[in-house]
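Here is a friendly walk through some helix packing and a handful of individual residues. Have the viewer ready and follow along section by section.

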Amino acid sequence: MRISGFTYLMKQGAKNIGSNRVMSLASFCILLVSVMLIGFTYLVLINVNAVIGDVEDKNEVIVFLKDGLLQTRIEVIGQEISAVGNVAKVTFYSKDEGFESMKSRIPNADELFDYIGESPLPDSFRVTVADITKISPTLMAITRIDGVDTVSAPNEFIGVLTDLRNVFTIVSSVVMAALLAVCIIVVSNTARASVSIRQREITIMKLVGAKNSFIRVPFFVEGTLIGLFAGAVSAVITYLVYESLSEMVINSQMTLLTALGVGGLIPAASIAFKFTAVTVLGSALVSGIVTAVSTRKYLKV
Amino acid sequence: MVELRNVSVRYSNGVDALKNVSLTINQGEFAFVVGESGAGKSTLIKLLIREIAPSSGKVFVGGMDVGRLKRDKIWKLRQKIGYVFQDFKLIDSLNVFDNVAFVPRCTDKSNKYMRNRVPYVLQLVGLKDKIKCMPRELSGGEQQRVALARALVCDPALIIADEPTGNLDPKTSMEIIELLQAVNECGTTVMMVTHEHEFVRAFGGRTISLSDGEKLFDEIIK
């Protein structure tokens, strides 16, 4: 195709938006709402995942060692734990450090601790696992190391968190897919209505020898431009709402989140570029393709 | 240029629109196709522009086997044909120039071609001074002239005029037929479909008559 022909089709696509103002506005509004809903669902999903991830990261496995081990053996055990797959960090706590830590956490019990005298706790390692969902095989491997007495891990809590994350991921993915399907169906119907208004024009084009691509390209351009605008406006609105929500969460010092050690929502600035790019391009592409495909029925002349 | 070999068309409702019709229109010929409503004239046109395929027989236009043409290649056939419609079929939102330039645009001709060719064909049909008018600002005759200019603009080998005088007064109808004859004298094959026998008698020439889907006669009327 010549450049002049390509430019003409682009211009026609842009012109069509003005010529079909009502239908263009309807497509724009439908896309705007759909893309915003999908965007918000996605933001909720990544934040819930981040919260669960934060909580998971704070979980440590405590590996208690048998009494009477030599320092050299303890060091070897530390190396063996580090060598186990899925272990991110290993820190040694001597029995005295453990006892001091206990004392600091239980105030007004000096008499009791004086009575106990020497630390009754064993030496231990605090182990952070890389992937909490694979904790069971990791614990089994650590338990098998010679010199390890017991391993203490919040298995049930981790299980609940993992299940929660999985369920939430599935639910939100289904919701996003459903919203996308609704968006495609509604945009397709609006586009079909818009195309049917120009059925006569399409028939004339076909009868004088226009290729299907010549007829489709302006519709694709029209749909893409509407999608681009809708995606951009939706990204801006979503960003502003999300930023206000972030500030509200930080200012309100939500007790559950702070108790879990979570600072707040993922900062808007850190996801703004990727989110905007995906929203705008996704919306433009879906709208463009759906609009172009909607012409299919009318091209059979 | 146009050849039908034992062509029959049966629609899905069981109606036989054409029954074993054979005819040939040679390059450079002017032929009238006449017949009453339901004679099969529209079906004949639909066959030639591949809106429908024959139920049996062969249809050739410019050497192309129309019946075997795939749907995505129909544009190749239609770009060889200049089509004049009874109801003009101009695009209301485009001015005269753009309506005519529409065909070269569809067929990926250059801007230079359009700038030279469109005013030229509009001059041929006597509408050069109406180049910027919108279709609604033109009379029926003028609109049909624009449609004729559009059919001519890419210099097609064949012009099919489907009842081009159907919506026009007798004087304007005569002018349109004269224009078609002038086009034919330049070497373009013209097939004009009409139910108005008086024009055929007035102008004479090769006349193919259809009746109830069959070829009634094919002769030169003087």
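Predicted model: local features only at pLDDT ≥ 70, side-chain atom pairs only at ≥ 80, totals over all residues.

The angles, distances and contacts below are all computed from it.

## Helix 4 of chain B

Helix 4 of chain B covers residues 111–124, 14 residues in total. From its first C-alpha to its last it reaches 20 Å, close to the 20 Å expected at 1.5 Å a residue.

Which residues of helix 4 of chain B are buried? They are Met114(B), Arg117(B), Val118(B), Pro119(B), Val121(B) and Leu122(B). These buried residues pack against two other helices of chain B, namely helix 3 (96–106) and helix 5 (140–152). Lys112(B) is also part of helix 4 of chain B, but Lys112(B) is exposed, because its relative accessible area is 58% and over 50% counts as exposed. Between the C-alpha atoms of Lys112(B) and Gly38(B) there are 44 Å, with the two residues 74 apart along the chain.

## Helix 3 against helix 4

Two packed helices are described by the angle between their axes and the distance between the axes. For helix 3 and helix 4 of chain B, the axes come within 10 Å and cross at roughly 125°. The two helices are therefore oblique to each other, and helix 3 of chain B passes helix 4 of chain B in a right-handed crossing.

On the side of helix 3 of chain B, the contact is made by Val96(B), Phe97(B), Val100(B), Ala101(B), Pro104(B) and Arg105(B). Helix 4 of chain B contributes Tyr113(B), Met114(B), Val118(B), Pro119(B), Val121(B) and Leu122(B). Sorted by class, this contact has 11 nonpolar residues, no polar ones and one charged residue.

## Helix 3 against helix 5

Helix 3 of chain B also packs with helix 5 of chain B, at an angle of about 30° and with the axes 7 Å apart. That angle is under 35 degrees, so helix 3 of chain B counts as roughly parallel to helix 5 of chain B. The crossing of helix 3 of chain B past helix 5 of chain B is right-handed.

Val96(B), Asn99(B), Val100(B) and Val103(B) of helix 3 of chain B meet Val146(B), Ala149(B) and Arg150(B) of helix 5 of chain B. Here the classes are five nonpolar, one polar and one charged.

## Helix 5 against helix 6

Moving along chain B, how do helix 5 and helix 6 (residues 170–185) pack, and at what angle? The angle is about 15°, and their axes are 10 Å apart. Helix 5 and helix 6 of chain B are therefore roughly parallel to each other, with helix 5 passing helix 6 in a right-handed crossing.

From helix 5 of chain B, the contact draws on Gly141(B), Gln144(B), Arg145(B), Leu148(B) and Leu152(B). From helix 6 of chain B come Thr172(B), Glu175(B), Ile176(B), Leu179(B), Leu180(B) and Val183(B). This set divides into six nonpolar, three polar and two charged residues.

Ile30(A) sits in helix 2 (residues 21–57) of chain A. Its relative accessible area is 24%, so Ile30(A) is partly exposed. Not counting residues up to four places away in sequence, Ile30(A) touches Val186(A), Val187(A) and Thr190(A). Ile30(A) and Val249(A) are 219 residues apart in sequence and 30 Å apart in space, C-alpha to C-alpha.

Ser246(A) belongs to helix 9 (residues 212–252) of chain A. Is Ser246(A) buried or exposed? It is buried, with a relative accessible area of 10%. Leaving aside neighbours within four places in sequence, Ser246(A) is in contact with Leu265(A) and Ile266(A).

## Positive phi in two loops

Most residues other than glycine have a negative phi, and most peptide bonds are trans. Asn86(A) has a positive phi, near 75°. You can find Asn86(A) in the loop between helix 3 (71–83) and strand 2 (87–93) of chain A.

Phe88(B) is not a glycine either, and its phi is positive at about 65°. This residue lies in the loop between strand 6 (81–84) and helix 3 of chain B. Phe88(B) counts as buried, because its relative accessibility is 10%.

Key:
Residues numbered from 1 in each chain as written. Chains lettered and ligands numbered in written order. Heavy atoms only, no water. Helix = DSSP H or I, 4+ residues; strand = E, 2+ residues; numbered from the N terminus. Expected span 1.5 Å × (residues − 1). Buried < 20%, exposed > 50% of the residue type's maximum accessible area, 1.4 Å probe, protein only. Contact = heavy atoms within 4.5 Å. Axes fitted to C-alpha atoms, helices over the stretch in contact; angles between N-to-C directions. Parallel < 35°, antiparallel > 145°, perpendicular 65-115°, else oblique. Left-handed = near helix turned anticlockwise from the far one by under 90°. Nonpolar A, V, L, I, M, F, W, Y, C, P; charged D, E, K, R; others polar.
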